Amino acid sequence: MARSGQVTFAGVLLALLGALNALDGTAAIARSHVFVADAHFVIGDLRAWGWVLLALAFVQLAAAWGVLSERAEWARWTGVGALGLNAFAQLAFTPAYPLWAVIVIAMDVVAIYALTALWPAAPQEAVGG
């Protein structure tokens, strides 16, 4: 596989984002003091968004496992979907930590690029004649 390093990069970045979301989600559920005080959310509160991030973390970590261990298509597209949802969740989470949310959104975009544009193409079957 010519692009195995790029696929590994995509899987590792997906795993890193999953781990970061797990930490952020756990901290939000515990109402840790790492977040901006008196943040106001359009929908829900800090704990609700913490549960959303924790759920996304589990999906991202499962997809990262599938990408890294099996190079599976289901893991690739699950990762793309989870990363897209994570970008929107981070956008909603910006009142809690604005700069970090923007950084995570940028990492989501890079990971989506790695899972789509850098994924090796399926081998073309020879047309019999």
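The model is predicted: local features need pLDDT of at least 70, side-chain atom pairs count only at pLDDT 80 or more, and totals for chains, interfaces and linings use all residues. Residues are numbered from 1 along each chain as its sequence is written, and side-chain values use heavy atoms, with hydrogens and water left out.

Start inside. The largest nonpolar core has 20 residues. Such a core is a set of buried Ala, Val, Leu, Ile, Met, Phe, Trp, Tyr and Cys residues joined through side-chain atoms within 4.5 Å. Buried means under 20% relative accessible area, exposed means over 50%, and partly exposed lies in between (1.4 Å probe, protein chains only). Leu14, Leu17, Val67, Leu83 and Leu115 have the most contacts inside this core. Helices α1 (4–29), α2 (46–70), α3 and α4 each give two or more residues to it. Helix α1 gives the most, with six residues. Helices here are DSSP runs (H or I, at least four residues), numbered from the N terminus. A second, separate core has 12 residues, including Phe35, Leu53, Ala89 and Ala96.

Take Leu83 as a way into the packing. Beyond residues up to four places away in sequence, Leu83 touches Leu14, Leu17, Gln60, Asp108, Ala111, Ile112 and Leu115. Contact means heavy atoms within 4.5 Å.

Now look at Gln90, in helix α3. Gln90 counts as buried because its relative accessibility is 0%. Leaving aside neighbours within four places in sequence, Gln90 contacts Asn21, Leu53, Tyr97, Ala101, Val104, Ile105 and Asp108.

Helix α3 (residues 73–93) also holds Arg76 and Glu73. These two form a salt bridge, with their closest N and O atoms 3.4 Å apart. The term means a side-chain nitrogen of Lys or Arg within 4 Å of a carboxyl oxygen of Asp or Glu. A search of the whole structure finds one salt bridge. Arg76 and Glu73 are three residues apart in the helix, so about one helical turn separates them. Arg76 is buried at 11% relative accessible area, whereas Glu73 is partly exposed at 41%.

Finish on the surface. Leu99, Trp100 and Ile103 form a nonpolar patch with about 280 Å² of accessible area together. Nonpolar patches join side chains of Val, Leu, Ile, Met, Phe, Trp or Tyr within 5 Å, from residues with over 30% relative accessible area and no salt bridge. Areas come from the Shrake-Rupley method with a 1.4 Å probe, and for residues only the protein chains shown count as cover. Ile103 is found in helix α4 (residues 98–116). Ile103 counts as partly exposed because its relative accessibility is 35%.

Methods: Patch = residues over 30% accessible without salt bridge, like charges linked within 9 Å, V, L, I, M, F, W, Y side chains within 5 Å.
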